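Welcome! If you are meeting this protein model for the first time, take a moment to look it over before reading on.

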Amino acid sequence: MLGAFFALLSAATFGLNIATARRGVIGGTVTQAIAVTNVIGLALLALVAFGFGAYGEFDAMSTEAMAWFATVGVSHFIVGRYATYRSARALGAAQSGPIQQLSLLLALALALIFLGESLTPLSALGIALILLAPLVILRGRKGEKAVTTRSGIKLDYVEGYFWGLVCAVAFGTTPLLVSFGLEGGGVLRGIAGSLLSYGSATTAVIVLMAFPAFRNTVLALDRPTAKWFAATGIFVGLSQLFVFMALSLAPVTVVQPIQRTALLFRVGFSWM
């Protein structure tokens, strides 16, 4: 039950993160968002790990587990997050969600194949209902390439759907990799794992800063946009913390369907 609660908290904070990121990328770039959110997230999780006394988990963590968490840092926090923000910039926070929901199907398939999990008929029905509405929305948009909203923002469906699919693959593989890294550990292992993943992603950002094009883009960040990205970093950091904790307590087939309700939170926070 606690795992499901953490999954719901992850969904809520992830929906809020997408809404604030959308505001940020209107005036900034996705590259800036990646740099700021990873640094903010690392600092946040370092404090959380210290507060909960999770640093001791690193002593008990195998090299293989560390490698899995480090992989998540690059695949999820760099590739997946970049794709998420590119899709949100092209389609808006609410409309970019449906295509990314396909990550649920991938996550469940991998959990059934590699983790030996199973689905009850009731669970399968619930998952089908979660996926139904987004797929209807996608069908309704079929054939559209670009439109402009009443507020003057151009929506590009080709770009948005492409990056949405990249996001779905990156996010869909994350639960499996995290489960491998957890090695049956509890909540403290989840906190330590999330910190390690953020450390890996932030290291990648530091390496990218060596390239002039990346560095100049990040340094051109203006103050109003920086505030939106800072808020995004806090919310997405909390979201990832909660999902790592949820996966340490509950199976992927329970956590992922609940987390996909983030689409509902996206719509609400986007409206706000």
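This is a predicted model: local features need pLDDT of at least 70, side-chain atom pairs count only at pLDDT 80 or more; totals for chains, interfaces and linings use all residues.

**Two packed helices**

Let us begin with a pair. Two packed helices are described by the angle between their axes and the distance between the axes. Helix 4 (residues 63–91) packs against helix 9 (residues 187–208) at an angle of about 55°, and their axes are 7 Å apart. The two helices are therefore oblique to each other, and their crossing is right-handed. On the helix 4 side, the residues that take part include Met66, Phe69, Val72, Phe77 and Arg81, while helix 9 brings, among others, Arg189, Leu196, Tyr198 and Val205. Sorted by type, the residues of this contact are 12 nonpolar, 5 polar and 2 charged.

In soluble globular proteins, nonpolar side chains tend to be buried together. Here, the largest nonpolar core holds 54 residues, and Tyr85, Val178, Ile191, Phe244, Leu247 and Val255 have the most contacts inside it. Helix 11 (residues 223–249) supplies the largest share of this core, 9 residues. Neighbours within four places in sequence aside, Val178 touches Phe69, Val72, Phe244 and Leu247. There is also a second, separate core, made of 6 residues, and Ala90, Leu91, Tyr157 and Tyr161 are among them.

Now for a closer look at two single residues. Thr20 has its place in helix 1 (residues 2–27), and Gly190 lies in helix 9. Thr20 counts as buried because its relative accessibility is 7%, under the 20% cut-off. Gly190, at 0% relative accessibility, counts as buried too.

| Residue | Relative accessibility | Contacts |
|---|---|---|
| Thr20 | 7% | Trp228, Ala231, Thr232 and Phe235 |
| Gly190 | 0% | Leu182 and Phe244 |

How far apart in space are Gly190 and Ser248, C-alpha to C-alpha? They are 5.9 Å apart in space, although 58 residues apart in sequence. Phe244, a contact of Gly190, is in contact with Val178 as well.

How values were computed
Residues are numbered from 1 along each chain as its sequence is written. Side-chain values use heavy atoms; hydrogens and water are left out. Axes are lines fitted to C-alpha atoms, for helices over the stretch in contact, and angles run from 0 to 180 degrees between N-to-C directions. Helices (H or I, at least four residues) and strands (E, at least two) are DSSP runs, numbered from the N terminus. Angles under 35 degrees count as roughly parallel, over 145 as roughly antiparallel, 65 to 115 as roughly perpendicular and the rest as oblique. A crossing is left-handed if the near helix is turned anticlockwise from the far one by less than a right angle, and right-handed if clockwise. Contact means heavy atoms within 4.5 Å. Ala, Val, Leu, Ile, Met, Phe, Trp, Tyr, Cys and Pro count as nonpolar, Asp, Glu, Lys and Arg as charged, and the others, Gly among them, as polar. Buried means under 20% relative accessible area, exposed over 50%, partly exposed in between (1.4 Å probe, protein chains only). A nonpolar core is a set of buried Ala, Val, Leu, Ile, Met, Phe, Trp, Tyr and Cys residues joined through side-chain atoms within 4.5 Å.
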